[in-house]
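Okay everyone, thanks for coming. Let's have a look at the structure together, and I'll walk you through a few spots I picked out.

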Amino acid sequence: MNRIDAILRDPVFPRIKAAVIGATGLAYYADKDAALAERINRRLSDKPTLGLAAYLAQLAGEGPTGPEYQALINELTVGETFFFRYAEQFEALCAVAIPECLRRNRESRLLRIWSAGCSIGPEAYTLEILLKRHFADQLRDWQVSIVGTDLNASFIETARRGVYGNWAVRGLDPAVLAECFDRQGDLWAVKPRFREWTSFSVFNLVDGPLPNYPRGLGALDVVLCRNVMIYFDEPTRTRLLENLHQVLVPNGWLVVGHAETGQQVNSLFTPVPVPGATIYRKPRPGCAPAAALPAYTPSIAVEPSPTVESRPVESRPAEPKATEPKPARKRSTATESVARLRATAAKPAPAPLPTPQPQPASPAGSPAVADGDRAAALDACIALAERNRLDPVVHFRLGLLEEELGVGDPIAAFKRALYLDSDFALADYHLALAYWRRGKLAPAQRHFRNARATVAAHDATELVAEGGGLTVAELRSMIDLWFSGEEP
C-alpha cells in the first residue's frame, strides 16, 4: 500500500478534509479524496514519521494563517492565470462600467476596485494597465485604489513582485508588452508606472469580515471575483455573494466567471449583457434587480394601471389578430425620468455582428428548468401575463425569464412588449440579444439600431425603463459594442 492509499484509509483523513474545507471553503475537494490525499502527502513527504493525527493537531494548533496551513493551502489552490484573461469582460468594464464610475464619482474623484481571489496578480495589474491606457486623462488627480487579495500567501508574494514568465503574458499585443513590461531575461516585470495604484494582501473570502475598510474592502465601485466561487459549495457561494453585494456601493459593478452566473447572482444584481460577457450591477437602495422578476410581489407595478383600465376601448388601435393582445396607450415613462421612445430613424444597411458564442452552462450543471424556484417563477410569470395582457413590462419580464431558462418563446414575449409599447428601449435591446444568440444577425442588428434610436434624443443621465438603474449613456455604450467601427 503506497503512502496516498494509507492516507485515504486513515480514519483521521475525513477530519482533516472537513477542517480544510471548513477553513478555506474549498468544497471542490469534497468529492476528490485522492487529489486531497495527494496534496497532503506532498506536505508529509519530508515528515515521514508524522502521522495524520499529529498533522491534524498541528493544523488545528496554528490555524489557517499558520505556516503549515498556508503551505497546504498553497498545494490546494490554483495559480494559473494570465494578463487580460477573458478580454471581453475587460472590454465590458472599459465600455460600460468604468465610464459609469467616472460619471458617478466625478465629485469625490475616488475609484476603488477589488480583485478578489487575485491569484498571482495579473488581473489586478491588468486593471491598472486598462485604466492608464484608456482613462488616463479622466483619472488625472483622482485617487485610485486597486486591491488584490488571495487566500494563498505564496501567490500574494508573487503578485507583489510583479514579475512573470512568458505563460502569464501570452497573447498580449507586442505593443502592449513593450509599453507595460520590462524584459528581465526570460521574465517580464510590470513597469513601475502600472503598479502605482495596485496593492496586494492575504485575505480569506470565506471567513474574512466584509466590509473591511482597513484593508480597502468597502465602498467599492468594481469587484472582480472570477473563477473563485466554482470551488465553493452553495451555502458558501450564497454567503460570499451577499458579502460582495455589501462591499459595493449602489450601482457598483460585479464581474464573475462565465461558469458562476445564474439565479444566485441574478437575485442580488442586475445582469447587464454585453458582447461575449455579462457583468452585474448592484441596484440602488430600495430597487430590486431588474432580472430578478420581482413582478410577483405587489411592489412591482405589473398589475393593470388605472390609466390602462380606464382607457376607452374605442381609443385602442385595431388589433392585428383577435387572439393577440391589444396595444396599450404608450406610457411616456415607467418612472418620471425613464427613457422609452420609439425608434424613428431610417434603418441603414446591417453591419457585421460578432459571431454568436455558446451560452454558459447552468452553474449546477443541470437544466435550469429543473430548478424548482425558477420553474415556479416561470409559472407565476406566465399566469401574470395572462391576467395582464396589456402590460408590456409583464411580457418583457417573461421574455427575460424564458431566455434565462431556455424555455418558451422569449422572442415572442419581447415582440409583445414592443407591440404594446414601441418606445420600450430595453425590449428592443433584449430582443436583439435573443436574435443574436440564435444566429439571426440581421434582425438582431435591426433591433440594436431601434434601441439606439429610441434613446438617441434622451439625456445621458436619464434612467432606462426596467434597467435597474441603467442610464441612457450606459445603454448607448452597451449598444455601441455590437456595431463595427464603420457605424456612425
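**Rings, cores and a strand**

Let's begin with a lysine. Lysine 132 sits over the face of tryptophan 197, 4.4 Å from the ring centre. There's another case like that: arginine 170 lies over the face of tryptophan 167, at 3.6 Å from the ring centre. Oh, and keep in mind that this is a predicted model.

Now, rings with rings. How many aromatic pairs does the count come to? It comes to eleven. Let me show you one: the ring centres of tyrosine 125 and phenylalanine 200 are 5.2 Å apart, and the planes are at 65°, so we call this pair edge-to-face. What I like here is that the pair links distant parts of the chain. Tyrosine 125 is in helix H7, residues 122-134, while phenylalanine 200 is in strand S6, residues 198-202, and the two are 75 residues apart. Are they buried or exposed? Tyrosine 125 has 2% relative accessibility, so it counts as buried. Phenylalanine 200 is at 9%, so it counts as buried too.

Here's another pair. Tyrosine 429 and phenylalanine 448 have ring centres 5.6 Å apart and planes at 65°, so this one is edge-to-face. Tyrosine 429 is in helix H16 (residues 425-437) and phenylalanine 448 is in helix H17 (residues 441-455), so the pair ties together parts 19 residues apart in sequence. Both tyrosine 429 and phenylalanine 448 are buried.

Together with Phe83, Tyr164, Phe181 and Phe200, Tyr125 forms one aromatic cluster. Phe83 and Phe181 also turn up in the largest nonpolar core, which has 79 residues: they are among those with the most contacts inside it, along with Leu131 and Leu475. And what does phenylalanine 83 touch? Leaving out residues up to four places away in sequence, its contacts include Pro122, Tyr125, Ile129, Leu172 and Val190. There's a second, separate core as well, with 45 residues, including Ala37, Leu151, Val206 and Cys225.

Last stop, strand S1, residues 110-116. Five of its seven residues are buried, so S1 is largely enclosed by the rest of the structure. Which strands does S1 pair with? One is S2, residues 143-150, in the parallel sense over seven bridges; there, arginine 112 has serine 145 as its bridge partner. Another is S7, residues 220-225, also in the parallel sense, over three bridges, with tryptophan 114 partnered by valine 223. And remember helix H7? S1, H7 and S2 make a right-handed β-α-β unit.

Technical notes. Residues are numbered from 1 along each chain as its sequence is written. This is a predicted model: local features need pLDDT of at least 70, side-chain atom pairs count only at pLDDT 80 or more; totals for chains, interfaces and linings use all residues. Side-chain values use heavy atoms; hydrogens and water are left out. A nonpolar core is a set of buried Ala, Val, Leu, Ile, Met, Phe, Trp, Tyr and Cys residues joined through side-chain atoms within 4.5 Å. Buried means under 20% relative accessible area, exposed over 50%, partly exposed in between (1.4 Å probe, protein chains only). Contact means heavy atoms within 4.5 Å. Rings of Phe, Tyr and Trp (its six-membered ring) pair if their centres lie within 6.5 Å; planes under 30 degrees apart count as stacked, over 60 as edge-to-face and the rest as tilted. Helices (H or I, at least four residues) and strands (E, at least two) are DSSP runs, numbered from the N terminus. A charge sits over a ring if NZ of Lys or CZ of Arg is within 6 Å of the ring centre and within 35 degrees of the ring normal. Two strands pair if DSSP finds at least two bridges between them. A crossover is right-handed if, with the strands pointing away from the viewer, the path from the first strand over the helix to the second runs clockwise.
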